[in-house]
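Morning, everyone. Let me take you through one model, a piece at a time. Please have the viewer open.

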Amino acid sequence: MELVVNPKINKNELIELYKSVGWTADVNNIDNLRKGMKKSYVIAAYEDKKLIGLVRALSDYATVVYVQDLLVASDYQGRRVGKSLMHHLLNYFGSVGQIIVTARDDDERIGKFFRYLNFREESKNTYEIDRRD
């Protein structure tokens with residue numbers, strides 16, 4: 001697996017990845033998603049030059065990071081792709097005080113994943129690392 005920071009992702013790859021996890025609202029407005037990605041910090045995961053996952057964050061690079069998207073193609077879930085993406089993101093933003101994720105689903109596996117990465121559940125589906133403590 002290769003991780004690429006702020007890659008140029010073609011439209012079809014992006015559509016295929018988001019569809020594979022059922023995020024059709026994003027696919028329905030793919031041009032806006034692509035505009036948003038250009039203003040975000042993005043790490044993409046590739047396997048044999050195929051896009052298999054990505055994490056997208058919004059930040060002021062000083063006090064807070066919001067993880068907007070974390071997704072792994074359905075065929076690659078459970079293979080530590082998400083973990084690798086998040087570790088890279090957490091290392092990159094190592095000096096930022098707060099990292100916040102709001103999960104789209106109320107799936108216990110998601111909560112377990114973020115707790116494994118040392119996030120605390122702050123409210124329903126919202127997880128945080130607060131380094132200001």
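Ground rules first. This is a predicted model, where local features need pLDDT of at least 70, side-chain atom pairs count only at pLDDT 80 or more, and totals for chains, interfaces and linings use all residues. Residues are numbered from 1 along each chain as its sequence is written, and side-chain values use heavy atoms, with hydrogens and water left out.

Start with helix H1, residues 11–20. Helices here are DSSP runs of H or I with at least four residues, strands are runs of E with at least two, and both are numbered from the N terminus. Which residues of H1 are buried? Leu-14, Ile-15, Leu-17 and Tyr-18. They cover an arc of only 165° around the axis, so they sit on the same side of H1. That arc is taken from the directions between the helix axis and the C-beta atoms. Buried means under 20% relative accessible area, exposed means over 50%, and partly exposed is in between, with a 1.4 Å probe and protein chains only.

A quick reminder on geometry. An α-helix has 3.6 residues a turn, so residues three or four places apart point the same way.

Now helix H3, residues 30–38. Its buried residues are Ile-30, Leu-33 and Met-37. Down the axis of H3 they fall within an arc of 55°, so they line one face of the helix. Lys-35 and Lys-38 are exposed on the other side of H3.

Those two lysines come back in the next item. Lys-8, Arg-34, Lys-35 and Lys-38 form a positive surface patch. A patch takes residues with over 30% relative accessible area and no salt bridge, joining like charges within 9 Å and nonpolar side chains (Val, Leu, Ile, Met, Phe, Trp, Tyr) within 5 Å. Lys and Arg count as positive, Asp and Glu as negative, while His and the chain ends are not counted. Arg-34 also belongs to H3. Arg-34 is partly exposed, because its relative accessibility is 30%.

On to the backbone. Most residues other than glycine have a negative phi. Where does Asn-6 lie? Asn-6 is in the loop between strand E1 (2–5) and H1. Its phi is near 45°, a positive value in a residue other than glycine. Asn-6 is partly exposed, at 42% relative accessibility. Then take Asn-125, in the loop between strand E6 (120–123) and strand E7 (126–130). Asn-125 is not a glycine, yet its phi is positive, about 70°. Is Asn-125 buried or exposed? Buried, at 12% relative accessibility.

Next, salt bridges. How many does a search of the whole structure find? The search gives 7. The criterion is a side-chain nitrogen of Lys or Arg within 4 Å of a carboxyl oxygen of Asp or Glu. I'll show three of them.

Look at Arg-115. It pairs with Glu-108, and the closest N and O atoms are 2.3 Å apart. Arg-115 also bridges to Glu-121, where the closest N and O atoms are 3.6 Å apart. So Glu-108, Arg-115 and Glu-121 are linked in a network of salt bridges. Glu-108 is exposed at 52% relative accessible area. Arg-115 is partly exposed at 35%, and Glu-121 is partly exposed at 43%.

The other pair is Asp-130 with Arg-132, at 2.9 Å from N to O. Asp-130 is buried, at 15% relative accessibility. Arg-132 is exposed, at 56%.

Last stop, strand E2, residues 41–47. Tyr-41 lies in E2 and is buried, with a relative accessible area of 4%. How far apart in space are Tyr-41 and Asn-28? They are 22 Å apart, C-alpha to C-alpha, and 13 residues apart in sequence. Ala-44 is buried, at 0% relative accessibility. Val-72 is 28 residues from Ala-44 along the chain, and their C-alpha atoms are separated by 9.7 Å.

That's the tour. Over to you.

Definitions and conventions. Areas by Shrake-Rupley, 256 points an atom, 1.4 Å probe, with all protein chains shown as cover. Charge placed at Lys NZ, Arg CZ, Asp CG, Glu CD.
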